[in-house]
Amino acid sequence: MASRHDHPGEQAAQDPIRLLAIRDTPLSLDEVFAAVGDDAAGGTALFVGTVRNHDGGADVDTLGYSCHPTAEAEMRRIAEKVTAQFPVRALAAVHRVGDLRVGDLAVVVAVSCPHRGEAFEACRMLIDDLKHEAPIWKHQTFADGTEEWVGA
């Protein structure tokens with residue numbers, strides 16, 4: 001009898017990177033979720049990063065994201081690293097730039113894999129590495145008039 005890992009559906013897809021983008025328009029959960037649909041995936045993990053009303057104990061008044069021109073290429077490098085480590089059937093990541101309000105979607109990433117554990121781990125690696133390695137910067141202005149830049 002063949003091992004369960006011998007089935008093609010247990011392997012990574014040929015080209016699992018389905019959607020990578022940086023956008024200055026509102027992000028769509030439906031678009032990202034649809035991009036990672038795959039009949040061989042038994043698990044899909046989706047992470048949504050939203051703008052919150054506070055950071056570091058201070059009230060956030062305004063927030064904006066900007067990025068380096070190489071940011072999408074870095075997103076691809078990170079996505080390729082994730083797909084090399086896990087049997088990813090499909091992967092998508094979209095990040096917002098520009099001025100955002102509290103509650104707006106800042107980043108949406110999703111990964112589908114043959115099994116849920118792999119999907120959770122791959123999605124976690126994807127968002128963590130994007131946050132730490134992609135040249136995307138957050139500028140926050142606080143209610144007390146102070147401000148800070150946060151990013152890779």
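Mentor: Happy to! A residue counts as buried under 20% relative accessible area, as exposed over 50%, and as partly exposed in between (1.4 Å probe, protein chains only). This is a predicted model, in which local features need pLDDT of at least 70 and side-chain atom pairs pLDDT 80 or more, whereas totals for chains, interfaces and linings use all residues. Residues are numbered from 1 along each chain as its sequence is written, and side-chain values use heavy atoms, with hydrogens and water left out.

First, some orientation. The protein has 152 residues, 45% of them buried, and its C-alpha trace spans about 65 × 25 × 25 Å along the principal axes. Its secondary structure amounts to three helices and nine strands (DSSP runs, H or I of at least four residues for helices and E of at least two for strands, numbered from the N terminus). Read from the N terminus, the elements follow the order β-α-β-β-β-α-β-β-β-α-β-β. With contact taken as heavy atoms within 4.5 Å, residues 24 or more positions apart make up 73% of the contacts whose separation is 6 or more.

The part I'd pick is the sheet. Strands pair if DSSP finds at least two bridges between them; for directions, axes are lines fitted to C-alpha atoms (for helices over the stretch in contact), and angles between N-to-C directions run from 0 to 180 degrees. The sheet is open and has four strands in the order S1-S5-S7-S2, with mixed pairing. At its edges are S1 (17–23) and S2 (43–50), each of which pairs on one side only. From one strand to the next, the twist averages 5°. S1 and S5 (residues 90–96) run parallel and are joined by six bridges; there, isoleucine 22 stands opposite histidine 95 of S5. Helix H2 (residues 71–85) packs on the sheet, where it touches S1 and S5, and its direction makes about 150° with that of S1. Helix H3 (residues 116–133) packs on the sheet too, touching S2, S5 and S7 (105–113), with its direction at about 145° to that of S7.

Now follow S7 itself. Apart from residues up to four places away in sequence, leucine 105 touches Leu27, Leu29, Val48, Gly49, Thr50, Arg96 and Leu100.

Cysteine 113 is buried because its relative accessibility is 0%, and cysteine 123 is likewise buried, at 4%.

For contrast, visit strand S4 (residues 58–67), which holds valine 60. Valine 60 is buried because its relative accessible area is 10%. Beyond neighbours within four places in sequence, valine 60 is in contact with Arg52, Asn53, His54, Asp55, Gln140, Thr141 and Phe142.
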